[in-house]
Amino acid sequence: MLARVDEVARWAQSSSVWPLTMGLACCAIEMMTVTSAEYDIARLGSEVFRSSPRQADLMIVSGRVAQKMGPVVKRLYDQMADPKWVISMGACASSGGIFDNYAVIQGVDTIVPVDVYVPGCPPTPDGLLYAVNLIQQQIRQGGRGGIFA
Amino acid sequence: MPSTQNPPIAGTAIDPTSLRPKLDDAVVERISPSELRARLEAFKGDGYAMLLDLGAVDYLGREPRFDVVYHLLNLATHARLRVLCGINDGEHLRSVMDLWKSADWAEREVFDLFGIVFDGHADLRRIQMPNDWEGHPLRKDYPMRGNNAERSPRPAFANKSNVVAGTPPAGRTLEALQEQVRRARE
């Protein structure tokens, strides 16, 4: 009996991963595109972009993080309730990308733990959907952050 | 033809402004720092009511090193005026915030990125870089990757949180992933 409840709870949780409304740079344009009818992230239950970090489960770091923006991103992550996940979207968020300079943080994983990296400059909306898919898989398999983990 | 943009050149440094073709939409004037304030006040009186932009250029190796550039617009005649003022590192300029309000953030930006101080500015703080930043990034001798020699410096604020950053979530370490791939191949 317990096993079934466990499964249902994970299914429910994985089908309602709500992202945080946070667009940092040009990758944010592709991030917005996944909510369009063409790509329709609502199929995965993630169409509700929350404006408050208290209500969000998923942070999509969509663009380069400037040194000045770093503390803001960090604070937003800290304000999100557990369990929470992070997608590092695109080359800049993952490694600094072409911005190998004083002003940009060389990889957002130096300030927040990242679950899935999406390569590309920018990644296609399909790439981002696949990343959300991977996080859903992780939750269903009882990975980090799951209710019964 | 001697150009008004042509400043005295020291050493072997080339002055890029002397190579540029003359722009016919703006009158360019070079004014020395000592008489800058009086001339700008006179320009304002002549109808140059708008300060479009205020910027600076670093000609490293030239004497004087910096050009502070004032872009003025006469709203009545639509005439444009570009005022250049060469100063050296450490020299101060009078703020023109009391003449044109738009100089406020522009002077802060020039101070932030070039380290040129404007005397009489009400609130001369950094505007683009974080407040605790060291150095002035748009100076030509500022290292591209910043003063920190490390390839991926871990910012200091990352350590101030209750969250351990940079640790891969369970099951997503390199070893675990390699194990996963190995099992899938078998």
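Me: What should I know before I start?
Reply: This is a predicted model, where local features need pLDDT of at least 70, side-chain atom pairs count only at pLDDT 80 or more, and totals for chains, interfaces and linings use all residues. Residues are numbered from 1 along each chain as its sequence is written, and chains are lettered from A, with ligands numbered from 1, in the order in which they are written.

Me: What makes up the secondary structure of chain A?
Reply: Five helices and three strands. Helices (H or I, at least four residues) and strands (E, at least two) are DSSP runs, numbered from the N terminus. From that end, the order is α-α-β-α-β-α-β-α.

Me: Why is Trp100(B) called partly exposed?
Reply: Count other C-beta atoms, placed from the backbone, within 10 Å: 20 or more means buried, 12 or fewer exposed, and in between partly exposed. Trp100(B) has 19 such neighbours, so it counts as partly exposed. Trp100(B) sits in the loop between strand S5 (92-94) and helix H3 (103-114) of chain B.

Me: What makes a nonpolar core, and which residues have the most contacts inside the largest one?
Reply: A core is a set of buried Ala, Val, Leu, Ile, Met, Phe, Trp, Tyr and Cys residues joined through C-beta atoms within 7 Å. The largest has 39 residues, and Leu58(A), Met59(A), Val61(A), Ile87(A), Met89(A) and Val108(A) have the most contacts inside it. H5(A) gives the largest share, five residues. A second, separate core has 23 residues, including Leu54(B) and Phe111(B).

Me: Which strands of the four-stranded sheet in chain B stand at the edges, and why?
Reply: The sheet is open, with the order S1-S4-S3-S2 and mixed pairing. Strands S1 (26-30) and S2 (50-58) of chain B each have a single partner strand, so one side of each lacks a neighbour in the sheet. The twist averages 20 degrees from one strand to the next.

Me: How do you know that S1(B) and S4(B) pair?
Reply: Two strands pair if DSSP finds at least two bridges between them. S1(B) and S4(B) have five bridges, in the parallel sense. Arg30(B) stands opposite Leu84(B) in S4(B).

Notes:
Axes fitted to C-alpha atoms, helices over the stretch in contact; angles between N-to-C directions.
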